[in-house]
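Please keep the sequence and the structure at hand while reading.

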Amino acid sequence: MNSPTLIVGLEVHVQLLTESKLFCGCANRFNPDEPNTQTCPVCLGLPGSLPVMNERAFRLALKTGLALNCDISPFTKWDRKQYYYPDLPKGYQISQYDLPFSHDGWLEIDGDGDDGGRRRIGIIRAHLEEDAGKNLHDESGRGGDSRVDLNRAGTPLLEIVSQPDIRSPQEAKRYLEDLKLLLTYLGVSDCNMQEGSLRCDANVNLHVTTDDGKVAATPIVEVKNLNSFRGVEQAVEHEARRQLDEFHRTGRKLGDPGVEKETRGWNADRGVTFAQRGKEEASDYRYFPDPDLAPVTVDEELLETIQDELPEFPAERRARFGTAWGLSNYDAAVIVDQGAVFADYFERVAKTCGDGKQAANWVTQDVLRELNERQLGIADFPIAADLLGRLLAKVVAGELTVKSGREVFAELLARTDRGEDIGGGDIDAIVAEKGLAVVADTGALEVVVERVIANNPNAAEAFRGGKPQAIGKLIGEVMREVKGADAKVVRQMIVERLSR
Ligand SMILES: [Zn+2]
């Protein structure tokens with residue numbers, strides 16, 4: 001029996017970065033202090049209130065549709081999706097049903113192989129809708145009350161539905177990572193998964209070749225509310241195993257009488273999916289066009305304006321960093337995947353010092369390490385890109401060794417830690433203060449080499465006697481005396497002196 005084929009499609013919900021909600025003027029902010037303070041008659045669903053579309057939200061949505069290579073509908077409308085739930089006071093959600101603003105696009109991701117091959121994951125559609133509020137159950141932990149917070153009700157959500165083109169748990173994770181990166185480059189969402197700005201449902205099933213050579217599809221399962229990359233990967237992996245197991249036990253397959261799409265939840269602690277309520281069919285929602293909202297027409301002029309606003313995409317940027325700055329694919333990916341602000345920082349450092357590889361080394365190692373230790377984003381990093389660029393220019397020019405450059409870097413950070421303003425950052429002063437300038441005067445260096453050899457006759461003798469490692473002590477002594485010395489030069493001088 002062949003191994004089964006995994007079939008996965010992802011539905012991703014993204015909170016858009018707007019000032020106000022989708023159909024009213026209430027603020028669109030995460031977690032303000034008090035529940036039910038960002039509400040008005042429209043998002044509370046009071047009778048007689050009328051929604052008005054937020055144009056900025058619609059433009060952000062169009063931007064995303066274009067970036068996902070979608071066809072943009074010239075005519076789109078709003079539909080009411082009827083269901084009753086306490087966090088949805090109107091009794092319906094305003095969404096887009098049969099005429100979404102965009103459809104039939106794709107996102108390219110890395111394939112599973114190591115060959116650098118790319119895979120195109122189809123996008124069925126992307127549409128706009130309003131989010132519901134939040135039900136808060138038993139916050140005291142003593143049982144009893146449930147509360148409803150409507151601050152989130154009516155905030156703009158973009159739903160992006162992929163084709164079932166994803167073939168492995170790793171691909172599912174990569175698709176979500178690349179989508180998130182693209183959305184942050186576009187500036188349409190902060191994609192903060194802890195705050196629920198990016199949530200994902202996974203539709204999963206298997207195509208199993210049975211002993212008689214026929215292909216059977218297992219019933220489709222929708223795993224709801226996955227809110228981490230790892231969660232998506234693990235949930236898909238678990239579902240694949242569970243479905244194969246169940247198929248072997250029961251033989252139940254798609255198309256059998258009584259087999260319906262099943263909705264399951266994800267328990268991250270136990271690493272398993274669990275059964276939830278049955279999935280409503282589309283007809284249950286009794287969609288119909290919202291009579292309070294006018295349809296939206298999108299003309300070529302608007303599309304061209306938005307097309308012009310599109311930034312350089314992550315994949316393009318990775319490629320350009322390779323050609324323009326000589327970076328390896330790996331380094332380019334590390335930098336670009338940190339986000340647009342980080343990539344901008346790198347590029348500024350590279351331009352200032354004139355050496356892309358040197359800039360990449362420092363940015364991916366020294367800067368990233370400090371950011372992780374300090375739990376900071378690059379926007380809050382105390383050493384500005386220009387300043388780091390100027391420091392690296394000295395390294396590139398051979399005025400400072402890499403080691404001395406690191407000392408200056410550490411000193412700049414130490415000064416900001418003490419609350420000192422490094423503003424323009426006087427690199428020259430630090431270099432002078434610490435005696436870090438590269439000693440170009442070989443005559444002076446030779447004097448020190450002579451002295452160190454004379455003071456360490458045992459090490460010198462051991463080196464001459466065939467113990468090359470003995471030179472380490474001599475180099476160390478010289479470097480202690482002349483901080484700006486280049487270790488390679490010192491080594492060479494000692495070897496020459498001792499071989500005379
Ligand atoms: Zn409101």
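Arg59 forms a salt bridge with Glu309, with 3.7 Å between the closest N and O atoms. Arg59 belongs to helix H1 (residues 55–67) and Glu309 to helix H4 (residues 300–309), so the pair ties together parts that are 250 residues apart in sequence. The model is a predicted one.

**The Arg59–Glu309 pair: accessibility**
- Arg59 counts as partly exposed, at 30% relative accessibility.
- Glu309 is likewise partly exposed, with a relative accessible area of 41%.

**Other salt bridges**
- By the rule applied, the count comes to 47 salt bridges.
- Lys173 and Glu177 meet through their side chains in a salt bridge of 3.5 Å, N to O.
- Both Lys173 and Glu177 lie in helix H2, 4 residues apart, which is about one turn of the helix.
- Lys173 is partly exposed at a relative accessible area of 25%, and Glu177 is partly exposed at 28% relative accessibility.
- The side chains of Arg415 and Glu411 form a salt bridge of 2.9 Å, N to O.
- Arg415 and Glu411 are separated by about one helical turn, because they are 4 residues apart in helix H10 (residues 402–417).
- Arg415 counts as buried at 16% relative accessibility, and Glu411 counts as buried at 13%.
- A network of salt bridges links Asp366, Arg369, Glu370, Arg374, Arg406 and Asp417.

**Domains and their contact**
- The domain assignment divides the chain into domain 1 (5–297), domain 2 (312–434) and domain 3 (442–499).
- The C-alpha centres of domain 1 and domain 2 are 38 Å apart.
- The contact between these two domains takes 7 residues from domain 1 and 11 residues from domain 2.
- Domain 1 and domain 2 bury about 660 Å² between them, with 69% of that area on carbon and sulfur atoms.
- Between domain 1 and domain 2 the count is 0 salt bridges, while 1 residue pair is found in polar contact across their interface.
- Helix H2 (residues 169–186) gives the most to the side of domain 1 that touches domain 2, contributing 5 residues.
- That side of domain 1 is made up of 5 nonpolar, no polar and 2 charged residues.

**Thr209**
- Thr209 is placed in strand E11 (residues 198–209).
- Thr209 counts as buried, because its relative accessibility is 18%, under the 20% cut-off.
- Thr209 and Val14 are 195 residues apart in sequence and 36 Å apart in space, C-alpha to C-alpha.

Definitions and conventions
Residues numbered from 1 in each chain as written. Predicted model: local features only at pLDDT ≥ 70, side-chain atom pairs only at ≥ 80, totals over all residues. Heavy atoms only, no water. Domains from an automatic or database assignment. Contact = heavy atoms within 4.5 Å. Buried area = accessible area lost by both parts, 1.4 Å probe. Salt bridge = Lys/Arg side-chain N within 4 Å of Asp/Glu carboxyl O. Polar contact = N/O pair within 3.5 Å; in protein donor to acceptor, adjacent residues only side chain to side chain. Helix = DSSP H or I, 4+ residues; strand = E, 2+ residues; numbered from the N terminus. Nonpolar A, V, L, I, M, F, W, Y, C, P; charged D, E, K, R; others polar. Buried < 20%, exposed > 50% of the residue type's maximum accessible area, 1.4 Å probe, protein only.
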